[in-house]
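Student: I'm new to this structure and would like to learn how to read it. Could you take me through a few features, one by one?

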Amino acid sequence: GTHEEISIIDFAKKVAKLTNKKLKIKKVPYKSFTGKKYEDIIRKLPDLKNAKTYLNWEPKILLNQGLKETIEWTKKLQ
């Protein structure tokens with residue numbers, strides 16, 4: 001988690017870039033593939049005060065660095 005606000009589409013594009021994947025990323029209506037009237041979140045802005053209060057935890061690295069480390073860790077598992 002981080003205090004950085006990012007749209008879900010921008011997050012997906014960031015992951016695609018860091019993994020060197022060429023993807024066509026676009027928002028599609030949830031109903032188009034589920035048949036239900038529900039919309040997923042478009043933006044993500046976590047509130048980390050409970051993590052700080054109850055766990056004494058706060059982020060120590062930025063989103064890009066965390067993604068890079070997670071991608072490298074995932075590659076090692078393959």
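Student: Is Lys 75 buried, partly exposed or exposed?

Tutor: Buried means under 20% relative accessible area, exposed over 50%, and partly exposed in between (1.4 Å probe, protein chains only). Lys 75 has a relative accessible area of 45%, so it is partly exposed. Keep in mind that this is a predicted model, where local features need pLDDT of at least 70 and side-chain atom pairs count only at pLDDT 80 or more, while totals for chains, interfaces and linings use all residues. Residues are numbered from 1 along each chain as its sequence is written, and side-chain values use heavy atoms, with hydrogens and water left out.

Student: Which residue forms a salt bridge with Lys 75?

Tutor: A salt bridge is a side-chain nitrogen of Lys or Arg within 4 Å of a carboxyl oxygen of Asp or Glu. For Lys 75 the partner is Glu 72, with the closest N and O atoms 3.6 Å apart. The two sit three residues apart in helix 4, so about one helical turn separates them. Glu 72 is partly exposed too, at 40% relative accessibility.

Student: How many salt bridges does the structure hold?

Tutor: Three. Another one joins Lys 52 and Glu 58, whose closest N and O atoms are 3.8 Å apart. Lys 52 is partly exposed at 36%, and so is Glu 58 at 41%. Then there's Lys 49 with Asp 47, at 3.6 Å from N to O, and both of those residues are exposed.

Student: Where does Trp 57 lie?

Tutor: Look in the loop between helix 3 (49-55) and helix 4. Trp 57 counts as partly exposed, at 37% relative accessibility.

Student: And what share of the chain's residues count as buried?

Tutor: Of its 78 residues, 13% do.

Conventions: Helix = DSSP H or I, 4+ residues; strand = E, 2+ residues; numbered from the N terminus.
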